[in-house]
Amino acid sequence: MKEFRFRIILILGAVALSLYLLYPTYADSQNTITIQSQLERFRDSLQTANPNLSDDDLVRLVNLKEDEIYADKPDFRTAKEKRVKLGLDLQGGMYLVMEVNTAKLLEKLAKDPDQRFLELLGEAEQQAKIEEVNLVSILAEKLQQNNIRLSRYFGSIRQDDADIIDDLQEQESDAVTRAIEIIRNRVDQYGVSEPSIQKQGARRIIVELPGISKEEDAKRLLQGSALLEFKIVKESELTIQIMNSIDTKLAESLKSSTDTTLSDDTTSAEDMTQEEFAREHPFYAIAMINPQSPFADAFVRESDRPKLEAYLARPEIKNIIPDNVEFAFSAKPASVEGGENIFRLFLLNKKAELTGGVIVDAQSNIDPQTTAPIVNMQMNAEGAREWARITGANIQKRCAIVLDGVVYSAPTIQNKIPGGSSVIEGIGDLEEAKLLEIVLKAGALPAPVDIIEERTVGPSLGQDSISQGLNSLIIGFVIVAIFMIFYYVKAGTIADLALFFTVLFIMGILAGFNATLTLPGIAGIILTIGMAVDANVIIYERIREELATGKTVRAAIDSGYSNSYSAIFDSNITTFFTGVILYQFGSGPVQGFALTLMIGIACSLFAALVVTRIVFDLMAAKGMKVNLG
Amino acid sequence: MRIFENTNFDFLGKRKIAYIVSGVLLVFGLLSLLFKGIEFGIDFKGGTEIALEFEKPIEVGDARDYLGGLGLGNIEVKTFGGETGLLIRSELQEIPADLFPSVLERVETLISKNFPDLTYQITDTTSSSVTYSISDPLLVGPLTDKLTNSGFQAIRFNQEENNSKLIVRVGIADWIQENLLEYMPDNKFKVLKEDNVGPKVGGELKRDATIAVLLALVVMLIYLGFRFKFVFALGAVAALFHDVLITLGIFSILYNVIPGLNLEISVNVVAAFLTLVGYSINDTVIVFDRIRENIKIHKTAPLEDNINKAINKTIPRTIITSLTTLIVVAVLLFFGGEVLRGFAFTLFFGVVIGTYSSIFVASPFVLEYASKVKKNIQF
């Protein structure tokens, strides 16, 4: 028995691991049922309470409630994070490929473009549609053919054409970065779960928005220029005052309402005090203030954000916040604690002092004297005048740089800045400086992006696909399993066991590696069921042959397996290669297919060569009859 | 239970018949490819495709006639799923220039109907959107809401307070939906899916797909060249070409012949073709592996006998695996839903043809080659 021990442990380990990895998926599906019924009740109660609530508001409130439930239950959240991810084609959503419109960008960058320039640009644009050459190079060539130097329209007179071409191409790539930053910012605020935003090549952006089916919403999210504003941060005293009154009011209204008994009772004394604190000071419990800091910024955990937003959206809280101020989060986490992002919460003047249209240029740099990262910012004449007045009136206050509603930086104004050229200091690192440069330019030079590919799958089609896929999986599995038992009797049962393990391992690996399951991916698993029996069939047929030559059962099994190895490996490796190529070629759903195909091959080999083998060996060792039909 | 136990069939002796069968299939397939051509889906051709689910059953013919008269050029209208589903496809990605004025007219009628005193002007137009600047910035919000509710997608130009511009987007899909709303106000629909693929993307995808299939063939050639004699690799890849071409031919021949089966080349179908390559080579390798083994054991026996013996020995496995694979593919074909139908169809045919070719094309190729060069094939 000892000789088998290692393999048995290996198999049991693999099964246990798969089950462990799949448990969150199961738990999440159970949680979803609970949450859906809760939300259903919540929606009904809302509708009975205020019958003329608009659909949009209803959806928004229900979504807030859903976020709140997840915020309250960390184990719901972890289950959701660790479940098998479903692709856009299964859960519904939007897939977009966007490309920076270089022609529009060049038009904006050009210094006093004349008719001739616009004509050439138009021609170059047409040409770029057909050829695989960059628009900047085509335009440069066209200008050269017409004996016009690039410096007539771009850059400075001292630069030669090659320099300018490099610059323009960098501007193009900058525009992509800018667009990505703006899109990411909006997607985060919009609360899309598990979005994916990627840069592809030099000019393209791929955006995946699961669960978004209202196209108008998605487009609103992506199009339109970004709004850059400069807003003064409220003084600490006033901020504390407002936060105090929110805290008191919130404690009051939470106590009076009945649904506060969400949290389970805990036993530890420390927890009790924490809970008590949370009851007395619901606001400060999630918006923590650093008493040592000169600023009254609050710090909020990422998981507490939805809760805080729900608190601030309450009508009675809205009432006590003065009309001329607003809360805004920092765009990037201020720190990371225990693996969780902590965001800064600012209280700002609602009215913007200045908007981004006045910015002419921004540049991140290293200060030669202090080697600290800085950002230089230039404003136009009108902006410079305003800026001098604003900075003069708010010395030693902080001025928040706000893009689309979130704060990117809040430097303190040291003195009055005339002339419109300012330096922003006190930036953490060069990366942060680069980000600020992008943000400042977003107001000045919106990145013109076109949607070149767009795929939307509605939630009902996704649901149909899931049920059709799962039905096919079960039907396919059952027919193949019955066929195998019919044909190979007892050995067929063993092959079916291997088949079951194969499917289990595939799902476990998908969950473990955070891979995405798509409809073609399910098709891949179904196909694997059909093809996975192959290794067993090869082996069984070989064992039959060996038995026919008069070998003992034990010997027949041994040589049956060893004679099959080369055929099994060669045939599976070639199929695996096609999987690799397919993965490289495909996008989204097809990659999902390639992935399950490859994982399926690996799993079915393991199941056929290890799982069925050990069963045979055990049976032979115990002297049981191996029945191959 | 056993099938084909100890068969001793002279497969290679019948190879002439197989040549005729393959030849006929290839010739008909190629002729059809040449004259009837092959239909590419919007993944490759670019265009707009929407699938709608109506509340009540819908007459495809009527919808086709109505949509055909919209001036959007050639519009394909098919059923999608059941009789309440409609698949509408246009090769266009954007509203044609001559139609644009009437779209604008509809937008402007809406503006003056809702806000009679408002003056507006167009500040920018692209092929899929138009930017209006209106006289009263305060009305930008209400106006975008009104337009959005009437089916147009309108957004504010930016979030600044004094913004007076709004962008109205008009795509093919929007225009079709907007008109269907008007045509059948009492049969509401919801959008099941909507795809819009630019021509550039389609072109790139076509190139990538061709490269992927060719690359797969080359990789097979190299790997098998390593593991077997080169002539075996050639035989296997010849069989693959045979499989891919015949399946493509069948796509061409059967296009628009079987109702309810949309046989056009989509990304999923290309994935199926690559899988078919993998599957067919799998079958071939198993036979070749046996030939290699037989040649080692029966060194003096003629190659033809060794090959025949190898095919006969592996035929139970070949049949059983093909059968189980066909079972699951058939399940996919019938129960897998509309989205996977083309994929499942390709594989169904591919598995049949791949199994056939590993016996009747790949092995005879090796034999013909060996007798032509009059050399003993060794490993």
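User: Taking contact to mean heavy atoms within 4.5 Å, what share of the chain A contacts with a separation of 6 or more comes from residues 24 or more positions apart?

Analyst: That share is 71%. Bear in mind that this is a predicted model, where local features need pLDDT of at least 70 and side-chain atom pairs count only at pLDDT 80 or more, while totals for chains, interfaces and linings use all residues. Residues are numbered from 1 along each chain as its sequence is written, chains are lettered from A and ligands numbered from 1 in the order in which they are written, and side-chain values use heavy atoms, with hydrogens and water left out.

User: OK, what are the dimensions of chain A?

Analyst: Its C-alpha trace spans about 100 × 80 × 55 Å along the principal axes. The accessible surface is about 29300 Å², with 55% belonging to carbon and sulfur atoms. Those areas come from the Shrake-Rupley method with a 1.4 Å probe, and for residues only the protein chains shown count as cover.

User: How much of chain A is buried?

Analyst: 50% of its 629 residues. Buried is under 20% relative accessible area, exposed is over 50%, and partly exposed is in between (1.4 Å probe, protein chains only).

User: And how many helices and strands does chain A have?

Analyst: There are 20 helices and 18 strands. Helices (H or I, at least four residues) and strands (E, at least two) are DSSP runs, numbered from the N terminus.

User: Let's look at α18(A). How far does it reach?

Analyst: Helix α18 of chain A covers residues 519-548, 30 residues in total, and goes 44 Å from its first C-alpha to its last. That is close to the 44 Å expected at 1.5 Å a residue, the expected span being 1.5 Å times one less than the number of residues.

User: Where's the kink in that helix?

Analyst: The kink in α18(A) is centred on I529(A) and comes to about 35°. The bend at a residue is the angle between axes fitted to the seven residues ending there and the seven starting there.

User: Is α18(A) mostly covered or mostly exposed, and what follows it?

Analyst: Mostly covered: 28 of the 30 residues in α18(A) are buried. After the helix comes G550(A), with a positive phi near 95°.

User: Switching to sheets. Which strands join β10(A)?

Analyst: β7(A), residues 298-301, joins it antiparallel through 4 bridges. β8(A), residues 325-329, pairs with β10(A) in the antiparallel sense over 5 bridges, and β9(A), residues 335-337, is antiparallel to it with 3 bridges. Two strands pair if DSSP finds at least two bridges between them.

User: Which residues sit opposite each other there?

Analyst: V300(A) has F343(A) as its bridge partner, A328(A) stands opposite F346(A), and E337(A) is opposite E340(A).

User: What's in the turn between β9(A) and β10(A)?

Analyst: The two strands form a hairpin with 2 residues between them, and G338(A) in the turn has a positive phi of about 55°. β10(A) itself (residues 340-349) is mostly covered, with 8 of its 10 residues buried.

User: Last one, T371(A): buried or exposed?

Analyst: Exposed, at a relative accessible area of 57%. T371(A) lies in the loop between β12 (359-366) and β13 (373-379) of chain A.

How values were computed
Contact = heavy atoms within 4.5 Å.
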